[in-house]
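Hi,

Here is the structure I promised to pass on to you. Have a look at it first, and then read on for what I found.

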Amino acid sequence: MESWYLVMCKPRQEERAKANLNNQGIEAFYPILTTEKLVKGRRTVKQVALFPNYLFVCLDSKNGPFAAVKNTRGIGSFVTYGANYQVVPLAIIEYLNNHKSHTVESQLPKQGDAVSVNNNSFKNIDAIYKEPDGDLRSILLINLLNKQVEMSVDNTDIEFS
């Protein structure tokens, strides 16, 4: 009978371990989380493991190649519960497989969010985020002389509340 097991990978080697296991004919996967954030003032979309350093592996519980999995490049060890390898319920695996592409997380402000501008011209000025202006800039609404003014600002000068 086949069961799913939880395996700990070496740091940031989930993809390497998965590819090496698949080359051996062993089914393995890890759910992916798509994140959008600002890196050095530029909007970037990055795919990372939902559970960093962990991989799910499907093996025959009686005579599966457990030693081959342990000795695969990128694999650290099996996650154990006492002396037994940790078995993951099939319902969890099916849920993660069905929802792995729908997980999107954004760490960017949304229209109407309060932000603060911090650059040479404007120090600690409160503003309202309006919309992105390309990859490196954003359009903000600031209050100048009791009038709301649109201003395009470098993303590196915006602090999110």
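Let's start with Leu 21: apart from its neighbours within four places in sequence, Leu 21 is in contact with Ile 26, Ala 28, Leu 55, Val 57, Val 69, Thr 72 and Ile 75. Please keep in mind that this is a predicted model.

Leu 21 also belongs to the largest nonpolar core, which has 16 residues. Together with Leu 55, Val 57, Leu 59, Val 69, Ile 75 and Phe 78, Leu 21 touches the most other members of that core. Two or more residues each come from strand E1 (2–9), H1, strand E5 (54–60), helix H2 (66–70) and strand E6 (75–78). There is a second, separate core of nine residues, and Val 117, Tyr 129, Met 151 and Val 153 are among them.

Now to helix H1 (14–23). Which residues of H1 are buried? They are Glu 14, Ala 17 and Leu 21. Looking down the axis of H1, you will find these buried residues within an arc of 70°, so they line one face of the helix. Their cover includes E1, strand E2 (27–29), E4, E5, H2 and E6. Just after H1 comes Gly 25, with a positive phi of about 85°.

Finally, the largest pocket has a volume of about 160 Å³. H1 and strand E4 (42–49) are the elements that give two or more residues to its lining, and E4 gives the most, with three. The lining includes Arg 12, Glu 14, Tyr 30 and Asn 53; by class, it has five nonpolar, two polar and three charged residues.

Enjoy exploring!

Best wishes

Definitions and conventions. Residues numbered from 1 in each chain as written. Predicted model: local features only at pLDDT ≥ 70, side-chain atom pairs only at ≥ 80, totals over all residues. Heavy atoms only, no water. 1 Å grid on protein atoms, 1.4 Å probe; cavity = no way out; pocket = protein on both sides within 12 Å on 5 of 7 lines; lining within 4 Å. Points joined across faces, edges and corners; volume = space filled by probe spheres on them. Helix = DSSP H or I, 4+ residues; strand = E, 2+ residues; numbered from the N terminus. Nonpolar A, V, L, I, M, F, W, Y, C, P; charged D, E, K, R; others polar. Core = buried A, V, L, I, M, F, W, Y, C linked by side-chain atoms within 4.5 Å. Buried < 20%, exposed > 50% of the residue type's maximum accessible area, 1.4 Å probe, protein only. Contact = heavy atoms within 4.5 Å. Arc of directions from axis to C-beta.
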